[in-house]
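Good morning, and thank you for making time for this item.

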Amino acid sequence: MSVIRFLRGIIKPYIIVFKHAISKPHTIKYPYERLMFSDGYRGRISLRFEKCIGCGLCSRTCPNRAIEMVEIEGEKHSFPQINFGRCSFCCLCVDVCPRGALFSDEVVELSVIKRDDLIYHPYKLSNPQPLESILKDLKKTITVQIEDGRLSYTLLRRREENV
Amino acid sequence: MIISWGPQHPISGQFRIILETDGENVLKLTPDIGFTHRGIEKILENRTFLQGIVPVERLSMLDTANFLLAYVRAVEEIAEVDVPPRAKYIRTILCEISRINSHLYALGLIAEACGGYPAIFLWTVADRELFLDVAEMLTGTRWSYSFFIPGGVRRDIPSGFKEKVLEVLDYFEGRLETYRDSWLENELFKRRARGVGELPLDKAVTLGAAGPTLRGSGFRFDTRKDEPYEAYEDLDFKLVSMEEGDSYARTMVRYLEMVESVKIIREAIENIPEGRFRVRVPMRVPEGEAYVRVETARGEVGLHMITDGSIKPYRVKINSPSLRNLYVLSRMPEFSRLLVADVPVVLWSFDPWFLDADR
Amino acid sequence: MLIDEILGWIKLNLKDLIQIVLFPGIAFILIFAVAATWFERKYLAHSMLRIGPLHTGRVAGWLQIIADFIKLTGKEVITPRNVNVFLFNLLPVLSVCTSAIAVAFIPFSSDWIIYEGNGISLLLFFAAASLTPYITLMLGWISNNKYSIIGAMRVSYVYISAEIPAFLAAMGVAIMAGSFSLIDIVEAQSRIPFLIPQILGFIVFFIAFLAEVERVPFDIPVAEQEIVAGWRTEYSGINFGVTMMMDYIPLCTWTLLFVTLYLGGYQGPLIFASQTLSNFFWILLKFSLVIVVILLFRSVFPRLRMDQTLRLTWKYLTPAAFLNLIITAIIAYYYPDLFGLIGAS
C-alpha cells in the first residue's frame, strides 16, 4: 500500500508539471505587449493646469515630501512640482485636491537616464507624454481573463487600429 | 566550523544566519538581522495620522493590508471613531486577499528552499497575479495599497468587482488542488519537511512563536477568533491548526488557511452591507493610548500607539511576528536536530519577512 | 615528403579522426552541452509558465547560450588567495577532458566506436567515468573555501554510494549478454531490450545514475540553497563556464551508457538506406527521450538530503542490485536456455 502511495506521490507531480510544460505560458512579451490596467489605476500623476488654485494641500499631505510648490513667472499663485524619485504613488494628493486638478493615469513607465529628470515641473506635469510615445514598440494591449477554468489572454486593442 | 548562511544564498533574502556546525550538524544558530532597518517607528512619529499609512505598509510588503489595519485601528481607537460596517467588510476582503498573497508566496518560497528549481514557485507567483489584479481593481494599485485610512477606506467597491472576485476564487480553488497534488503530496517534499525542525507545543508557547508557526505546533490561537475585529465576528470560518509541529505541518497550516480565506472572501462579498464607506476623523487625535492586535499572515502583530493631542503620534511601537519567530529559530538546535540542508527549509517554514523583523 | 606522409596517415586513419573530432567525439559533446543548456532553460521555463530565452537569435533564443558563453569569457577570472594557481586553473579543463573520455567506449553502430576496448569496454567506461569525482574533489579542496570543501565532501559521498549499485546493476546486464563488451551487449538486445528482463536492475541503475550525474533530486554537491554553489563557489569567468559545462558532459556519457545497457542502444528498425545512419538515428532518439525525461525532474522534485541519499543507496539500491545480480547469475548458471528465448546469448 505504502509503495503505491509513494509511486503516486512521485508520478502524479511529474504528470502535472509536464501538463504545465506543454500549456500556454502566462508571461507576456512586455515591450511589445502590455497588460491593461483597471480604471483608477494609481500611476503617473498629472496636473490640470487651469484648475489648480495653488492651495498647497497636496504638498502638505504628501507622506514622502515629494511635492513642492513652485512659483511660475506671470502666474498669480504657485503650482505643485512632483519629484517622482520620491513618490510612492499613494495618490493621497489626488484624493485631497479640492478642485480635482491632480489626476493619475495608467502610465508607469517613468524611467529616465538622469535623476533630475524625475522632477516634473508644473509645465511638464500638465503635458503628460502619451503611452504610445513612451513605448514605441507596443503593438497590443492584453487583459487576462478566466474562461472555462483556464486563463486566457484577450487582446484588447492593436496599436494599428488605435492609430 | 562556522559558516554563514546568507546573504549570498539564492533564497536567503536580506538576512544572514551564522551557523556553528560539526560536519553537517548544526550546533548553534544565530540569526543576524538588521540588513533592512529603516527606523519605521521613528518615521511614524514624524508623519501625520493620514501620512502614516504609507510608511507603516513598508513593514511587510507582502502583507501590506494587515499591517496597515493595525495602525489604522489604533488611530480609530484613540479617536473613538465608529467605522461604518461597509468599510469593515471591504477591509476584511482586502486583508484576506493580502493574506492569500502572502501565503502563496510562502508556499513558493518553501518549495524553492527545498532545492531543485521547482516550478511551483513561479506558479504561485503567476496565480498571485490574479489577486493583485483584484486588489488593483479595488484600490488602484497592486502591492502597497495605502487603502485604509482612519475612519474607513479610500474608495468604494467598483462595479463588476464582485463578479471578478468570484471568478478568481473559482479558478483559485482549482489551482489549490494542483498545488496539493503536485507539491504537498509530493513524496520527496514530505521526506524533506516531515519531522524536520520539530517545535513541541510547550516550546512554541514559552518561546513566543506566532501565527502559523504556533498553530502548526497545535496551539489553537488566532486573533481573528480570540479577539474578533472588523467583520470577522459575523463571518464563519475555521481555526486551522496541526499537531505535528514540524515544517510540513506549518506549510500545511498555511495551505489550509488559504482555503479558509477563500471561504471568508466569498461570504464577505455576498453579505456586504450598504452604507457609507468612510467617516470623518479629525486631523488632531485626542491624547490617549491604544494597543491593537491584528492577525497578519505571519502571526499576531501588536501595535502600541501613544498620542499627545497633536496631529502626529507621540510614539508607535510595533511588536512584529517575524522577529518572535526568528527568536524561536535561534533556539531551535537546543531541542531539535538540524542539518545544514534543513536550515533553509525550517527558516522558510517559519515564513519570516525580514522587513518587519528589522522595522 | 613530410606533408605527403601526414596526408597518407590522415587517409589511413580518416574514420578514427572523424570519430574523435566530430561524432561521437569532441564536436558532438560540445554541441550537446550547448543544446542541452538551451533546451533545459526553454523546457523548464515552459514548465514554470514562462517563455524563457526569446530575443537573441531569431528562433526561440538559441543564440542566448552562445551570448552567455561569450559574456563569461569576457569576465575577470578571480583566483582566491593562498591557492595553487596552476592547479586551480588547470583542474576545470582537466575535469572536462576526463569526463569526456568515457564517450569513447559507447558504440553508435556495430562498426562506429572510437575504442572497442578488447571486449571489456563496460569496465573501461566505469574506470573512465570514475575519474571525474576525484578531480571534483580536488577542485573543491584547493578552492580554500568552506562551501567548496563541504561540496567536495558531498561529491565523494554521493559518487561512492551511487557508483556501487550502478556497477552491480550493470553486472547483471553483462552476465545476461555473456560479455563485457558494449557492442556484444547491444547485439544481445536485438530481440528485446534488457529493460524488461532486468527491470530491477533498470530501476536501480536509473536512480544511481541520476546521482552520478548530479541531477535533481541528487544535486547535493552544488546545493545552492545550502552551500552557495558547492565545489564551484570560487570559480569565476571562463573557469566557471567550464565547470558548468562539466555538468552536462557526464550527463551525456552516462545517459548514453544507460541507453546502451537497457534500451537496446543503437538497435532499431531500418529506416534509412544506410544501416549506420539508421543506427545513429535510433541511439540519438532514445538518448534525447531519456534526456527530456530527466531534465524535467528539476522542475518537479526537491533535493534529497545527504543522509537520505546515503540511506537510499546503501539500504535499498545496493541490496536490490545484489539481488538482481544473484537472480541473474542463478538463471545464467542453471537455466541458460531462458536467455536464448529472449535472444541473449
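This is a predicted model: local features need pLDDT of at least 70, side-chain atom pairs count only at pLDDT 80 or more; totals for chains, interfaces and linings use all residues.

Let us start with the fold of chain C. Its secondary structure consists of 15 helices and zero strands. The radius of gyration of chain C is 21 Å, close to the 20 Å that the globule rule gives for 345 residues, so chain C is as compact as a globular protein of that length. Of the 345 residues in chain C, 54% are buried. Among contacts in this chain with a separation of 6 or more, 76% are between residues 24 or more positions apart.

As to its surface, chain C has an accessible area of about 15000 Å², and carbon and sulfur atoms account for 72% of that. The chain carries 20 positive and 20 negative side chains, and the centres of these two sets are 12 Å apart.

I turn now to the interior. In soluble globular proteins, nonpolar side chains tend to be buried together. Which residues touch the most other members of the largest nonpolar core? In this core of 193 residues, they are B:Tyr71, B:Phe148, C:Leu122, C:Phe205, C:Leu257 and C:Leu261. Helix H12 of chain C, residues 237-262, supplies the largest share of the core, namely 14 residues. A second, separate core has 41 residues, including B:Tyr105 and B:Phe354.

Finally, the backbone. C:Val216 and C:Pro217 are joined by a cis peptide bond, with omega at about 10°. C:Pro217 is found in the loop between helices H10 (199-212) and H11 (224-227) of chain C.

Two residues other than glycine have a positive phi. For A:Cys91 the angle is about 60°, and this residue sits in the loop between strand S4 (79-83) and helix H3 (92-96) of chain A. For B:Glu80 phi is near 55°, and its place is the loop between helix H3 (64-79) and helix H4 (85-113) of chain B.

Are these two residues buried or exposed? A:Cys91 counts as buried because its relative accessibility is 3%, under the 20% cut-off. B:Glu80, by contrast, counts as exposed because its relative accessibility is 72%, over the 50% cut-off.

How values were computed
Residues are numbered from 1 along each chain as its sequence is written. Chains are lettered from A and ligands numbered from 1 in the order in which they are written. Side-chain values use heavy atoms; hydrogens and water are left out. Helices (H or I, at least four residues) and strands (E, at least two) are DSSP runs, numbered from the N terminus. The radius of gyration is taken over C-alpha atoms; the globule rule is 2.2 Å times the number of residues to the power 0.38. Buried means under 20% relative accessible area, exposed over 50%, partly exposed in between (1.4 Å probe, protein chains only). Contact means heavy atoms within 4.5 Å. Accessible areas come from the Shrake-Rupley method with a 1.4 Å probe; for residues, only the protein chains shown count as cover. Lys and Arg count as positive and Asp and Glu as negative; His and the chain ends are not counted. The place of a charge is taken as NZ of Lys, CZ of Arg, CG of Asp or CD of Glu. A nonpolar core is a set of buried Ala, Val, Leu, Ile, Met, Phe, Trp, Tyr and Cys residues joined through side-chain atoms within 4.5 Å.
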